[in-house]
Amino acid sequence: MITLNKLKAASIFSVLSLLSFQGNTQELTKYVDPFIGTGGHGHTYPGATVPFSLVQLSPDNGKGGWDWVSGYHISADSIAGFSHMHLSGTGIGDWLDIAIMPLVSPKYQHQLDTRVKFDHQNEQASPGYYTVKLQNGIQAELTATERVGYHRYQFPQGSEATIRLDLNHAYNWDKPTKTAIRILNDSTAVGYRYSTGWANKQHVYFAIRFSKPFAKYLLNGNKTIDKDVELELKKGMLASLAPNAQFIFADSNPVELKVALSTSNEEKALAALQEIPSWNFQAVKANAEAKWEKELGKIKVVSSDERLKKIFYSALYHTAVSPTLYSDQDGAYKNYKGEVHSMANGGQRYTLFSLWDTFRALKPLFTITQADRYTDMLNSMLAFYDENGLLPVWDLSTFETNTMTGYHAIPVLADAILKDWPGLDQERAYKAMLGSAFQKIREVPAYIEYGYVPQDVNGGSVTKTLEYAFDDYCISLVAKKLGKTADYEAFTKRAKNYQHHFDPKSGFMRAKLKDGSFVEPFDPFYSEHDFDKSQYIEGNAWQHSFFVPHDVRGLAKLFPKKDGLDKMLDKLFAAPSYMTGENKSPDASGFIGQYAHGNEPSHHIAYMYSYLGKPWKTQEKVRTILDSMYHDRPDGYAGNEDAGQMSAWAVWSMMGLYPASPVNGEYVFGSPSLDGAHISMPSGKTFSIVVKNNGPKNVYIKSVRLDGKIYDKSYIRHSDMLKGGTLEFLMSDKPNKKFGKHKKNQPTSMEN
């Protein structure tokens, strides 16, 4: 980053501000690199998709394993197929449904391995587009709409151009249970793939249409059928349980095809083909790019550092990948039970809710960036409640995977209710929230009985209690808003349950047994990845002892000495970066001391200093995290990207804000690495951030102005941002220890 003097900074900011509102096309997509996150343990995919779509058309390397849960890793040198559904940044592998692979000749039963080598120098990706030249000479190009993947393949001279549809394409947890391919005519096929995996009941229906008739086809790699002799065009031909088909073309270049998906039936998949009514690959690609340009344009940032803009917009891109559409265009869908439903009022159903991750920063970001979609996402969680009896924990294909801890649909709904989000029935949502708080599973009965989750009831004692306590705090805020006084008092008390685990001698949160004693022996560096045995989920005592985002000053009072929490935070960032144990969690990564940015429990911690009247420490730590944990390389994330959460942290923090307690509508100031941002708010107003005297050493906030007036708070409210205006940070290389020192200027804690 280049340090600019005030006059030059203001001049550049003004010019770029003007340009950013002129609507120039393809201004921002050029900063997105879909390969960021495909290296290291980021677990993203590089393929073609549009925002929050049902289709994510991307290459699969043909490998299993943790670093291939998205189907692709930058270290691989082969491609086995281009499938239409992918998980972005998760820790468990599933989907990869409906795989297509171009071949220079058909493969028979003994040749079913379709992997082809490629060189990454012959591979490119941008929002809504992916292309690669395979070693066999085939040029593949992919683009997409919400429910349709569009393929274009150029074959080398002399090829027997073949398109292979593989319903048996499965890696990691996924495997097909029943598949079918039905040929409708010489250019159209339909079918379905039922499978089991992380979500143990899944069904995807598809319709494929080719740009030209195929000359013949093979079923299961062992029978060639000439369309002119044996294909019954009028009746159709059902290949029951057929896992694959190969379509062979006489006139080979180019071969284009559209693959439409539905979760309802084949007829809806056929209807979805109308999303792309003509054969114009460039037009569809341009339309996908335009959708991304509109999405990225919701936040227009200013920086003299092109690398920072690349990091920011690649992160913003990843915040708009999931959750994904699940319903047809008319709002209809079939859930994992086989029940047919429709969303009310023309809404759409979404799935892939990684709530343990995304309640922290992604979902609050949606209350700014997703004015048109967020109502449907929230109502999708309520539809899940209606169909399953509980709000989702980790919803995949409408199935409850029950992965991770807490009941974190609650802070998402609570945040929306407290912000009076339109189209959300607050009483209906509150009823669903109470259902989670009094459920009969997930150790909640023990939590209610003891006030904490005892380790000898099940593992994860500390993590579960602290997360339930925060969720209960969220319920208390909604109860207060809705005038439910008794509930407010009861859940305010439950929100204090974190206190049961605090050990004043060590300063850590420690697991307890049913008899009230701490589990011995105790090692704050010890990590156990097995959830049934662990005391801290995906980490250790260092990372999990600070999860009290709703009552930071209440936590501070538990320490026997003044500034005990402040000093404990200092120790966290200075401690040696190792973990003990024979089965350490691989998810704890991205260490600065024992702070582990590669996993979500650490994400709010740097911002806790601001609650203690020392925001300059927050500023220092946040800038260090930004500079060391985010890069413009394939390994640009410190851990799993986690369905948008890792990216959302960067989006917020690079602008200088973060929802440290992601339910009360307060965004705590950090250390903006960008020189400014124009944020299009759901109110229709623009909220601008101006950063003066910024630079690599100027990490501290010297002063803040809001609409030209001195602003002493170390946070800003969502409600104030909705009004529009300008927030101005003046940066310095020296901490201003008076800024945010007084309690009245600090973010809210329960005692407020």
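Visitor: In which loop does Pro323 lie?

Guide: Pro323 lies in the loop between helix α4 (306–318) and strand β20 (324–325), where helices (H or I, at least four residues) and strands (E, at least two) are DSSP runs numbered from the N terminus. The peptide bond that leads from Ser322 to Pro323 is cis, with omega near 5°. Before going further, please note that this is a predicted model, in which local features need pLDDT of at least 70 and side-chain atom pairs count only at pLDDT 80 or more, while totals for chains, interfaces and linings use all residues. Residues are numbered from 1 along each chain as its sequence is written, and side-chain values use heavy atoms, with hydrogens and water left out.

A cis peptide bond also joins Asn253 and Pro254, with omega about -20°, and Pro254 is found in the loop between β17 (244–248) and β18 (255–262). Other loops hold a backbone feature of another kind. Thr398, which is not a glycine, has a positive phi of about 70°, and its place is the loop between β25 (394–396) and β26 (399–400). Thr398 is buried, with a relative accessible area of 0%; here buried means under 20% relative accessible area, exposed means over 50%, and partly exposed lies in between (1.4 Å probe, protein chains only). Glu538, again a residue other than glycine, has a positive phi near 55°, sits in the loop between α12 (485–494) and α13 (541–544), and is buried at a relative accessible area of 10%.

A positive phi, near 50°, is also found in Asp420, which follows helix α8. Nine of the ten residues of α8 (residues 409–418) are buried, so this helix is largely enclosed by the rest of the structure. Among the buried residues of α8 are Ile410, Val412, Leu413 and Asp415, and what covers the buried residues includes α5 (355–358), α6 (362–369), α7 (374–388), α9 (426–437) and α11 (461–481).

From this helix we can turn to the strands. Pro102 is in strand β5 (residues 99–103) and counts as buried at 0% relative accessibility. Leaving out residues up to four places away in sequence, Pro102 touches Phe82, Leu134, Ile138, Tyr153, Phe155, Thr162 and Ile163, where contact means heavy atoms within 4.5 Å. Pro102 and Phe82 are 20 residues apart in sequence, and their C-alpha atoms are 9.1 Å apart in space.

Rings of Phe, Tyr and Trp (its six-membered ring) pair if their centres lie within 6.5 Å, and planes under 30 degrees apart count as stacked, over 60 as edge-to-face and the rest as tilted. By this rule the count comes to 47 aromatic pairs. The rings of Phe82 and Tyr153 have centres 6.2 Å apart and planes at 35°, so this pair is tilted. Phe82 lies in strand β4 (residues 81–83) and Tyr153 in strand β9 (residues 148–154), so the pair ties together parts that are 71 residues apart in sequence. Elsewhere, Phe210, Phe214, Tyr217, Phe247 and Phe249 form one aromatic cluster.

Asp67 is found in the loop between β2 (56–60) and β3 (78–79), and it is buried, with a relative accessible area of 16%. Apart from neighbours within four places in sequence, Asp67 is in contact with Gly40, His41, His43, Tyr72 and His73.

Along its principal axes the C-alpha trace spans about 85 × 65 × 50 Å, and 64% of the 752 residues count as buried. Among contacts between residues at least 6 apart in sequence, 71% join residues at least 24 apart.
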